[in-house]
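Morning, everyone. Let me put the model up, and then we will walk through it.

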Amino acid sequence: MPSEAAVIEAVPAAPPKSRRWETRRNIGDKVYKWILTVAAVSVLLIIAGTIYELTMGSRQSIAAFGLRFFSDSNWDPGRHLFGALPFILGTLYSSFWALVLALPIGLFTAIFLSEMAPRWLERPVSFMVELLAAIPSVVYGLWGLFVLQPFLVKYFEGPIANGPLAALPIFGGTANGYDMLSASVILAIMVLPYITAVSRDILRAIPRTVREASYALGATSWETIKGVVLPYARAGIIGAVMLGFGRALGETMAVTMVIGNAPIFKTDLFSSGYTLASVIANELAEASGLYRSALIEIGLCLFLITLVVNAAAKLLIYYTAQDLNATGGKK
Amino acid sequence: MRTFSKTLGCAVLALAAMASRASSQDLTGAGSTFVNPIMTKWIYDYRQATGISINYQAVGSGAGISNLIDGTIDFAGSDAPMTAEQKGRAKGDVIHLPDVIGPVAISYNIPGIGTGLGFSGPILADIFLGKIKYWDDPQIVARNPGKNLPHEQIFVVHRSDGSGTTAIFTDYLSKVSPEWKSKVGSATTVSWPTGLGGKGSAGVAAILQQHPFSIGYVEFAYVEENKIPYAAMDDGTGNYVYPSAESAMQAAQSSTIAEDLCTMITAAPKGYPISGMSWLIVYKKSLKAPELRKFLKYVLTTGQKDTKALWYASIPPEIVSRELKLIDSIE
Amino acid sequence: MAGVAASATIVAVTALVFVLLYILIGGIGSMNFSIFTQGPVPMGQEGGGLRNAIIGTLILISIACVIGLPIGILGGVYQLETNTTFSRTLRFFTDVMNSIPSIVMGIFAYLIVVLPAAEISPGHAFSAFAGGVALGFLMIPTVMRTTEEILRLVPVALRDASLALGASQWRTTLSVILPSARGGIITGILLALARIAGETAPLLFTAFGNLDFNVRLDRPIDALPLNIFNYATSPYENLHHLALAGAIILLAIILVLSIAARWALKGQLQD
């Protein structure tokens, strides 16, 4: 165990004790260390176990379809044909629009909180935005069904579908609310707190001297933010966005409740779609055989995509923070 | 990792053994959610009458059949008969016993138009294929003179989860439309050419109820209880038939039921054409033969009186007598 | 441009207010006493309540605690005690685990509990235990990270004093470090509970839901989030009200847990 050395190191030179006492103490500490290690290792076991079990569970489907699974858009359990393409595209597309909506709002809110807001306002607003992250997905789904869908249909989808904009390739489909648009709006609200909180922390970590240098050159406060602060924090903000993207990809309930659950991918925002997580939520409990295996492969696919996106996000945020710490933070 | 799962499995088993006082006399079943309401009533009444408890888990027809094949349950409830391939994997000969009949209603939501639009099978297939797109399509108008059908897009709703209802509906469409048969086919889940999916009959009924210009298929109970308008179907001879317990039973009576009782009674010469039977599937050789015989007989005699209150149709007497003979052959 | 930033903030806050106000008004309007005393009624009938679901959620959370807390807390202590390449790697993997979508954790529980259970024991598949396993695994990263971070706040002098008095490593942890960090650890636990209380996706194919009242761990069990999902997507007006009432109960549970967590942390920091 590599931990051995560290633990021993941490124990200061104790005064000599009777031999018997020493032994008992060592046994106690050994057991203690052993228990701790087991707990720590079980985290790795769970992650490894997830990958292993998902891979084993998808074996049948991988053997049957191979790589075609990811390029085939036919999802037809009745004929034992399974292609995950509509779900992959649906997941990426809904998350993409969620970011398009959430990024400007989240970033500007972060700028407001870190650069402009007085302290008495900053704290409660930060708290409220973070509170958005505490609301469970299923409650967002309920709100989406009862409030957001009727609202979007009446004030946005209806007017556009009956107007000249309907000719655009993103505004086709039936204006009924069970669509990509509803899903993206809900996802945007759900990832907003992550983007805001991380961007705010990154902006705060930017050294005061950087801003002062800019002011000294005669820049206005907005020019400073735009020309100096934001470029400085760029990598970290990209990390924040990717973190939000990772969240959006794995969101299940709220999306399942409003997206329409149709395994056909269209770029129309008013068309029903499906996501990786939603198809598992809807179909896994009743599936068996190859069908179950295909759904588990979809789970594996979702897991790997979120893993890559999150790891990249974490690294970007981590290195930006390291860089900034090295030069000294604002506060 | 296998050992890990086995250990956990054993933990569950131990819990089960600890908690359950279930004697070996008790029966376990699993499967169809469609029959769950009436199954719950049968089990309750049967326990009151005989003191024997029966454990039925509504896990879906597919999962019920898988459990039966694995031999983990005594009987499966399914809305679709076992396929030849499934029978091949089973541990012995199985028998299919129809326990209830149910009509599947074609339901729609067009403001100002109540129950009673008339459809033919081919028109329905074209709507679900996405070929008929508007409510005022000449084919629909020709069938419904005097009805003020709007120029609005038809919005198709289907099930997103695997379902016996879907099996019955798609079996019907396959019989009336060659194009449907070749492009989509029939199964508990199919690759829908158009429309959006709702989870469970309740989910589909909810979407129908809340969104104008929609059309979908649900078990008759849901449209009756929710007062959603439903269609009359052309039975193939130009007669329009409404879904009801009587018309579904008529469909069963007018169909030629095969020796193994595995016949789909859709598109029957008489009666409501989108009707289906649900089956209890058991092994011909069972360790619990006496208990099984007794319960199955209860279901087909006393139990049939409960059907109507729960919006099912009872099994016609001539089929019941064939079933009772089959039940006697269980050993 | 300052205006743009301020407007963005207003939009963000408005979103929260919209969601919360709707649930609050709708939920309180749908609230009545029988919600806590009655179980579900067959779809379409009047009445019915969330009793089974509330009890089910409490049972699921308890199972999750039994599984998640020991691993989480001990893992956090491990992180404190060691500083090696392995422990840094472990920290990264804890982050990874935190970002696994909850539905994937549900599939894992489905594969290691539900399917083997169905294989071993006839008629058993979905179970409260399986749901608890999924939720328990989801708790671990949060508990582990907060435990570690809070334990780091315990002054090194305190620990050195204990060791200098001849206490062994485990004694020091058990009697000195953990008690003095109690508030912080409770914070971690409460935050983790707030996170899993509303989880729905992993329960769909583990706990599954149950129309009958059930407290047995080897049987499917109902849960509050599952009811909210089923009722919100159902066509019945009275079930929509139950869904709203369920949502407000769920939010209340989460709010109480979060406030208690802050309060516990405050007590900790003042010590």
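Why does B:I123 count as buried? Keep in mind that this is a predicted model. Now the count. B:I123 has 21 C-beta neighbours inside 10 Å. The cut-off for buried is 20 or more, so B:I123 makes the buried class.

Where does B:I123 sit? The residue belongs to helix α5 of chain B, which covers residues 121-129. Leave aside residues up to four places away in sequence, and B:I123 touches B:I132, B:Q139, B:I140 and B:R143. Then look further along the chain. B:L173 is 50 residues away from B:I123 in sequence, yet their C-alpha atoms are separated by 9.8 Å.

Zoom out to chain B as a whole. We have 13 helices and 11 strands in chain B. Along the principal axes, the C-alpha atoms of chain B fill a box of roughly 65 × 50 × 35 Å. Burial next: 53% of the 331 residues of chain B count as buried. And contacts: take those in chain B with a separation of 6 or more, and 71% of them join residues 24 or more positions apart.

Next, domains. Chain B splits into domain 1, residues 2-101 + 278-328, and domain 2, residues 103-253. The centres of these two domains of chain B, taken over C-alpha atoms, are 30 Å apart. How many residues make the contact between them? Domain 1 of chain B gives 18, and domain 2 of chain B gives 15. On the domain 1 side of chain B, that is 9 nonpolar, 7 polar and 2 charged residues.

Now chain A. Here the assignment gives domain 1 as 14-57 and domain 2 as 84-327. Their C-alpha centres lie 39 Å apart. The contact takes 4 residues of domain 1 of chain A and 5 residues of domain 2 of chain A. By class, the domain 1 side in chain A has 1 nonpolar residue, 3 polar and no charged.

Last stop, the contact between chain C and chain A. Chain C puts in 71 residues, and chain A puts in 73. Which element gives the largest share of the chain C side? Helix α1 of chain C, residues 2-30, with 14 residues. The chain C side that touches chain A has 52 nonpolar, 16 polar and 3 charged residues.

That's the tour. Over to you.

Methods:
Residues numbered from 1 in each chain as written. Chains lettered and ligands numbered in written order. Predicted model: local features only at pLDDT ≥ 70, side-chain atom pairs only at ≥ 80, totals over all residues. Domains from an automatic or database assignment. Contact = placed C-beta atoms within 7 Å. Nonpolar A, V, L, I, M, F, W, Y, C, P; charged D, E, K, R; others polar. Helix = DSSP H or I, 4+ residues; strand = E, 2+ residues; numbered from the N terminus. Buried ≥ 20, exposed ≤ 12 C-beta atoms within 10 Å, placed from the backbone.
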